[in-house]
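Keep the structure open while reading.

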Amino acid sequence: KLSIERNIKGTFNLASGSGESVGKIVRYISKKLKVPYEIEDKNAKEDTVTINNEKIKRYLRWIPKTTLEKGLDKTIVYFQKVLKEDG
């Protein structure tokens, strides 16, 4: 809403600004869904990825309010609901 009111355009990263490995995210989702997983790329398991959120903080004074885990939980619930409705 704020970006529309201020007529700000562009791409903004909505992220915590702290790094996590793909492996950690996959393990978390796998545990929540109770499904096995396998990550073949060793780098993906271990390398930490940090998404820069400085632009949205600077332009819109946005700060993250949800932890990665809570965000993943909400995303899982959303997609479970959508998939249940569709099929």
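Contact here means heavy atoms within 4.5 Å.

## Basis of the model

This is a predicted model: local features need pLDDT of at least 70, side-chain atom pairs count only at pLDDT 80 or more, and totals for chains, interfaces and linings use all residues. Residues are numbered from 1 along each chain as its sequence is written, and side-chain values use heavy atoms, with hydrogens and water left out.

## Overall layout

The protein chain holds 5 helices and 2 strands. Helices (H or I, at least four residues) and strands (E, at least two) are DSSP runs, numbered from the N terminus. Along the sequence, their order is α-β-α-α-β-α-α. The radius of gyration is 16 Å, well over the 12 Å that the globule rule gives for 87 residues, so the protein chain is more spread out than a compact globule. That radius is taken over C-alpha atoms, and the globule rule is 2.2 Å times the number of residues to the power 0.38.

The C-alpha atoms fill a box of roughly 45 × 35 × 20 Å along the principal axes. Of the 87 residues, 14% count as buried. Buried means under 20% relative accessible area, exposed over 50%, and partly exposed in between (1.4 Å probe, protein chains only). Among contacts with a separation of 6 or more, 76% join residues 24 or more positions apart.

## Two buried residues

Asn-53 sits in the loop between β2 (48–49) and α4 (54–60). Its relative accessibility is 3%, so Asn-53 counts as buried. Leaving out residues up to four places away in sequence, Asn-53 touches Asn-13, Ala-15, Ser-16, Gly-17, Trp-62 and Pro-64.

Leu-60 belongs to helix α4. At 14% relative accessibility, Leu-60 is also buried. Which residues does Leu-60 touch, not counting those up to four places away in sequence? They are Leu-2, Ser-3, Arg-6 and Ile-8. Leu-60 and Ile-8 lie 52 residues apart along the chain, with their C-alpha atoms separated by 8.9 Å.

## Helix α2 and its end

Helix α2 covers residues 22–33 and includes Val-22. Val-22 has 37% relative accessibility, so this residue counts as partly exposed. The 12 residues of α2 should span 16 Å at 1.5 Å a residue, and the end C-alpha atoms are 16 Å apart, which agrees. The expected span is 1.5 Å times one less than the number of residues. Just after α2, Lys-34 takes a positive phi of about 55°.
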